[in-house]
Structures are given as C-alpha cells and as structure tokens.
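Thanks for coming. I will take one chain today, beginning with a single residue and then widening out.

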Amino acid sequence: MITLIKNALASIDQKQYAKYDFVIKDGKILKILPHGSLLPDADKVIDASGQLLAPGFSNAHTHLPMSMFRGAGEDLSLENWLNDTMYPLEDRLYSEAVYLSSLISIIEMVKSGTTSIIDMYYFCADIFRAVKESGIRAILSRSVVGDKEQASVRIKESEELREMCLGEPLISFGNSLHAEYSCPFETIEQVTGIAAENGEPLIIHLSETKNENDGCRSRYNGLSPTQVFMKAGADKTKLIAAHGVWLDDTDMELLRGKTVVACPQSNLKLGSGIADVPRMLEHGINVALGTDGAASNNNLDMLLETRFLTLLSKRTDPLRMKGATALKIARAGGTKAMGVNAGRLEEGAEADLILIDISSERYQPLLNLDSHIVYSSRSDDVTMTMVAGNILMSERRILFADEKEIRARFDECARNIYQGE
Ligand SMILES: [Zn+2]
C-alpha cells in the first residue's frame, strides 16, 4: 500500500521549510522528495497544499478512561483528589463505561494530533478494545497497587494484558506500579523484577508531590522515591516515570538514560509544583511529555501541553527551554521510550504524521512555523492524523468510529455513574 502526501510544507532536519512530497509505504516514510519530483504510482494521494506536515505527538502519560471523571474533582490536592473523589468514582466504573471513555479520550487526542500514547490504568481488556479499534499506537499497562495479596490479583491481570498485546503491530505491553506510596516494598520489588527479567517497560508515578517525597523519606529511612525504586531494581528496567516534580540532583543522576514524563498542566492543576525539565535534560534523562488523565488536566491536547512546558521551563531565562526543544520532547520523547522510530520526518521512520492548516492569521507570516506551533497554534488546526500510514482523522472527521454514536453511549454511561441509574 503506497500513500502519497503531496505538496506539504515541512521542515526536514529542523532546517528551512520547503514543499515536499512524501511517499508512505507499509506504514513507514519511504521517501521524502522535493515537491514536483517523479513519484511512484499510489493507492492513495493526499493533497496537502497550504498545510504543514509534522510528526504526530507522543502523549507519554495517560489514563484513558478518566475522561469519565473530567470536572468531577476540582481544586483539590492530589491526596484529596484521589481519596475523596477519584477512588469512590472508580468504584462505579464498569466495562462499557471504560471502553467508551477510552474512545472519547482517543478521539480528543487524535483530533489534536496525538499519534501514540503510554497508558496506565485497570479494566485493561476494555482499554485494549478501544485502542485497537482506533488504530492509535500505544503501550498499555495494568497499574498494580496494594499488598502482596491484592497485588497478586493485579499482576495476574497484567499478565492477561501481556497476552492480549502479543502479535499486535501497534500495541505493546508495559508493567506498571502505581507509585511508591500505594505499594509496599515487596510489591515494588516483585513487579520491578518482572519488568527487568522480561526487558519490558516499567511505568510508574514518581515524586509527583512534596508530600509523597516527605512520606517516602520517613517510611524508608531517608530514601527518596527514586532511591526506593532503584533499590528494588528499577535501574535494570526500561523505566518510564511520570511527573518527577520533586526530583533532586541525586535522583536525576540515578535516572540518567531513563524516561521521565513531564505533565505540566496536571501538576499545576493539582498544585503539585513545576518539574525542572531543563535540569533533567542536563542529567541525560530522556524527557517525554504527557497530559495525564482528563480528570486532572482537564484536556488531552498535546499542543497546549507543549506550550505549558515551554513557558513554565523558561522561568527567568528564555533560553532554558527553546520552543524547538519542547517540540522534540513532545514528539519523540514518548516514542523513544516506546522503542519506536517515530517523532521525526525522516526516511525509514514510522509514518505517524499530522497535517496542520496554516492558512489562518495565527500562522502569519510563514517565517518560523515551529515557533507558531508552540506559541500560537490551536489543536483545531490539525486536519489529518495518520498512524503507521493509516489515516485516523481527516478534515476533522474521525474515521475509526461514529463520533455521534460514541458520544450518545458515553453520555448514557455518565448518567449511570453519576446518577446511579
Ligand atoms: Zn498519572
């Protein structure tokens, strides 16, 4: 199957913008040619005139079903938000609600240019179903919490998820521990050991709040959450740690070569603080960007997240985080953690691509489009989202689901959950 994307404005190697024709074959970028070159016969041709072709975003920390809880717990600290609002609501979740909430999240993501995700939650069979139907690229993981007995049930579910992911071209499996504060050390050690033994990702929440760090140091005789995970063997895993707001230099050095997913909007909304991403980069950490769930953000828009990352990281020095660095983090940080060659316009890379309509005033003059994407774009400007060469959204229309029908069924689930019908 060959798809041509013709006459697209693009920047190759982050240099100048020019018009190119892209040849997509078997899910990958086969050729990038100057517009007007001789092209092979194609099964599909996309005319991208007046549009910018860019790598899609990799949303590296998500909880897909939490769209159901958007707006349900506002202006609370992480502890109160989790204990007083989220946990009681999660007790009311059921299969169909998880499936539809996941689809609603994916629709929002795809419409704002996200092409891959790293998810952590439970009800994984229902999440898997939604992800598979959509065609988005994903790592899925079953979040393990609790003591030995509780953890054993959850580890079994995690193993079932691993089975589901076998042979899937776009969905892979990750192990997950919710956080240091929600798991005793023997559980942390057990799941970390499984991830290390199998060479699989280990997805965790790490140093999200000051309380978490303080609590950990008193539980573990002065050790930070990072030190606890490393003591349990996380240094031998493909660690993907969300937040990292309260990491110190010792922690960051231990995390060299691992992935930390910054979630600026979620951290701001829960009053958790601001992660020092430029410092993480100095320590050789692979930084990725994530929205977190829709209940703590409350949007799943990676364009907006990129803007927050850039502006917050500058603090008093505009050079601390350049827009182009933030874009690289948002596009390729997550895919690097996934072990996928995507997030860049390069021959041989996965065709996880988006088109952005740059005809509106906010992109004029057409001088520095990377900068326009970071500082003035809107996610509504994304007109096409492609994953592995398959088009998931075209001209703002989702192709993998009937949006109206999904919305109606989601609304019914919301009534069941909130009104207990
Ligand atoms: Zn999270």
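Let me start with Asn-7, which counts as buried at 15% relative accessibility. Buried here means under 20% relative accessible area, exposed means over 50%, and partly exposed is in between, with a 1.4 Å probe and protein chains only. Asn-7 is found in strand 1, residues 2-11. Its phi is near 65°, a positive value in a residue other than glycine. Helices and strands in this talk are DSSP runs, numbered from the N terminus: H or I of at least four residues for helices, E of at least two for strands.

A word on the source before I go on. This is a predicted model, where local features need pLDDT of at least 70, side-chain atom pairs count only at pLDDT 80 or more, and totals for chains, interfaces and linings use all residues. Residues are numbered from 1 along each chain as its sequence is written, and side-chain values use heavy atoms, with hydrogens and water left out.

Glu-395 is not a glycine either, and its phi is about 45°. Glu-395 sits in the loop between strand 16 (390-394) and strand 17 (397-398). Is Glu-395 buried or exposed? At 69% relative accessibility, Glu-395 counts as exposed, whereas Asn-7 counts as buried.

Next, the cis peptide bonds. One runs from Asn-297 to Asn-298, with omega near 5°. Asn-298 has its place in the loop between strand 13 (286-289) and helix 11 (302-314). Gln-364 and Pro-365 are also joined by a cis peptide bond, with omega about -10°. Pro-365 lies in the loop between strand 14 (353-357) and helix 13 (369-375).

Now the whole chain. The secondary structure comes to 14 helices and 17 strands. How does the radius of gyration agree with that of a compact globule? For 421 residues the globule value would be near 22 Å, and the chain has 21 Å, which agrees. The radius is taken over C-alpha atoms, and the globule rule is 2.2 Å times the number of residues to the power 0.38. Along its principal axes the C-alpha trace spans about 65 × 50 × 40 Å.

Of the 421 residues, 59% count as buried. The chain exposes about 16800 Å², and carbon and sulfur atoms supply 50% of that; the areas come from the Shrake-Rupley method with a 1.4 Å probe, and for residues only the protein chains shown count as cover. Taking contact as heavy atoms within 4.5 Å, residues 24 or more positions apart account for 71% of the contacts with a separation of 6 or more.

On charge, there are 45 positive and 59 negative side chains, and the centres of the two sets lie 4 Å apart. Lys and Arg count as positive, Asp and Glu as negative, while His and the chain ends are not counted. The place of a charge is NZ of Lys, CZ of Arg, CG of Asp or CD of Glu.

Back to individual residues, with Ile-240 in strand 11, residues 238-243. At 2% relative accessibility, Ile-240 counts as buried. Leaving aside neighbours within four places in sequence, Ile-240 is in contact with several residues, among them Ile-118, Ile-139, Leu-202, Val-261 and Ala-337. Ile-240 and Ala-60 are 180 residues apart in sequence, yet 8.6 Å apart in space, C-alpha to C-alpha.

Leu-254 belongs to helix 8, residues 249-254, and is partly exposed, with a relative accessible area of 36%. Not counting residues up to four places away in sequence, Leu-254 touches Thr-226, Gln-227 and Met-230. Asn-221 lies in the loop between helix 6 (210-219) and helix 7 (225-231), and at 75% relative accessibility Asn-221 counts as exposed. The C-alpha atoms of Asn-221 and Ser-377 are separated by 48 Å.

Last, the aromatics. The structure holds 4 aromatic pairs. The rings of Tyr-122 and Phe-123 have centres 5.1 Å apart and planes at 40°, so this pair is tilted. Rings of Phe, Tyr and Trp (its six-membered ring) pair if their centres lie within 6.5 Å; planes under 30 degrees apart count as stacked, over 60 as edge-to-face and the rest as tilted. Tyr-122 is partly exposed at 22%, and Phe-123 is partly exposed at 24%. Together with Tyr-121, Tyr-122 and Phe-123 form one aromatic cluster.
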